Amino acid sequence: MYLNNSWYVAATSNELAGGNIVARTILGQKIALFRTESGRYAAVRDACIHRQAPLSLGHVVGETVQCRYHGARFGSDGRCTHVPGQDAISPKAKVQSFPVLERHGYIWIWMGDQELSEDESTIPKNLSLIDAQPGMRSCSGMFESMRANYRLLNDNLFDITHAEFVHPESFGGEEVRFYRNARPGSEPIDRGLTYEVKERSIHFRTHADSLGDEGAPLWRIMMAQARNIESWTGPLDFTMEVSWQAPCYTSFHIYLRPAGQPDAQPVEFHDFHAATPETAHSSHYFYTVGINYGDEGTLSHLAEETRNVFKQDIVLLEAQQATIGDLDVLSVPHASFNGDRLQLEGRKILDTLINKERQAKSIAQEI
Ligand code: FES
Ligand SMILES: [Fe+2]
């Protein structure tokens, strides 16, 4: 079950450069994504109306995509504009098209009711923290195909207690244990985690004054990188703010300062995760990493390290999916631990939104 009325990341902007056509299955539907010569982005069903050849095998010609088989052309609205050797084209000759737009270096697609697509509120706003902040360097366009349902990634990013076991050399430190003491609230508390649940999102934060060697190794590596020194051995003040937005967006914002220096310029690490459903058993995992220090070399090194960390997660998510098989991810009998509070809140929000959408659809059909 998918939430249809939402913008989803379909591709990175770079993927559509130079007339490249991307074939991608999104929410179970085969889509061809392309950019016309004038720069307009387009998404159409990846099957020609003539004999179902995938349009993604064709070419961009002017403002159209041309089918590779018999040369029919379709505009960004899906309308057939040209059939070789034929003057009259039925106005009904049309391949299904989908609204698309470009924001924050990604191409977003709307798979739901088209009249609702003007509402851009389902595109996470805090992405601009990464791509529009002065002094912030970001590495976007990172992408993995994942043989796991997107909700397993939601779960994973809600429950960072796993970092102690899966990422001990990077993100795994004492601060992830604070998740087990999550409590409602909006004020940060030392060595605790507070969270707010909204209609479509959850926001939570954790803080630790004077975090020493018990903290995640990555924070000390970043402090050393930012100061261009061999290693950072002192305590640091750690703040992490996390936002999850339905159906599949999570962003982490981490601020590190030398302990006891609240006015010091923080070393910042931001990342954004989007898990676009491909099928019930697979997802497209897009992510962006940003830092406010170092140079391009520092960023690409950190991005590579981060990629390796996420791959550690993907191994587990794919193994979970293999165990779950064709069952619904959420209906599999399971135990819950203290660290699962946020995860369960997130599942509830998404279930509510999906159910509301289904009910609205069935009422509309009855009318
Ligand atoms: S299959 Fe596309 S033009 Fe024939
Ligand atoms: Fe992880």
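Trainee: Is leucine 342 buried or exposed, and what is its relative accessible area?

Mentor: A residue counts as buried when its relative accessible area is under 20%. In this predicted model, leucine 342 has a relative accessible area of 2%, and it is therefore buried.

Trainee: Where does leucine 342 lie, and which residues does it touch?

Mentor: Leucine 342 lies in helix H6, which covers residues 341–366. Leaving aside residues up to four places away in sequence, leucine 342 touches Phe158, Tyr179, Leu193, Tyr195, Ile202 and Phe204.

Trainee: How are two packed helices described?

Mentor: Two packed helices are described by the angle between their axes together with the distance between those axes. Here, helix H2 (residues 150–158) packs on H6 at an angle of about 145 degrees, the axes being 8 Å apart, and H2 passes H6 in a right-handed crossing.

Trainee: Which residues meet where H2 packs on H6?

Mentor: From H2 come Tyr150, Arg151, Asn154, Asp155 and Phe158, which meet Leu342, Gln343, Gly346, Arg347, Leu350, Asp351 and Ile354 in H6. By class, this contact has five nonpolar, three polar and four charged residues.

Trainee: In what order do the three strands of the open sheet stand?

Mentor: The order is E1-E11-E10, with antiparallel pairing. Strand E1 (7–12) and strand E10 (100–103) each have a single partner strand and stand at the edges, so one side of each is left without a neighbour in the sheet. The twist averages 35 degrees from one strand to the next. Four bridges join E10 to strand E11 (residues 106–110), and the bridge partner of glutamate 102 in E11 is isoleucine 107.

Notes. Residues numbered from 1 in each chain as written. Chains lettered and ligands numbered in written order. Predicted model: local features only at pLDDT ≥ 70, side-chain atom pairs only at ≥ 80, totals over all residues. Heavy atoms only, no water. Pairing = 2+ DSSP bridges. Helix = DSSP H or I, 4+ residues; strand = E, 2+ residues; numbered from the N terminus. Axes fitted to C-alpha atoms, helices over the stretch in contact; angles between N-to-C directions. Buried < 20%, exposed > 50% of the residue type's maximum accessible area, 1.4 Å probe, protein only. Contact = heavy atoms within 4.5 Å. Left-handed = near helix turned anticlockwise from the far one by under 90°. Nonpolar A, V, L, I, M, F, W, Y, C, P; charged D, E, K, R; others polar.
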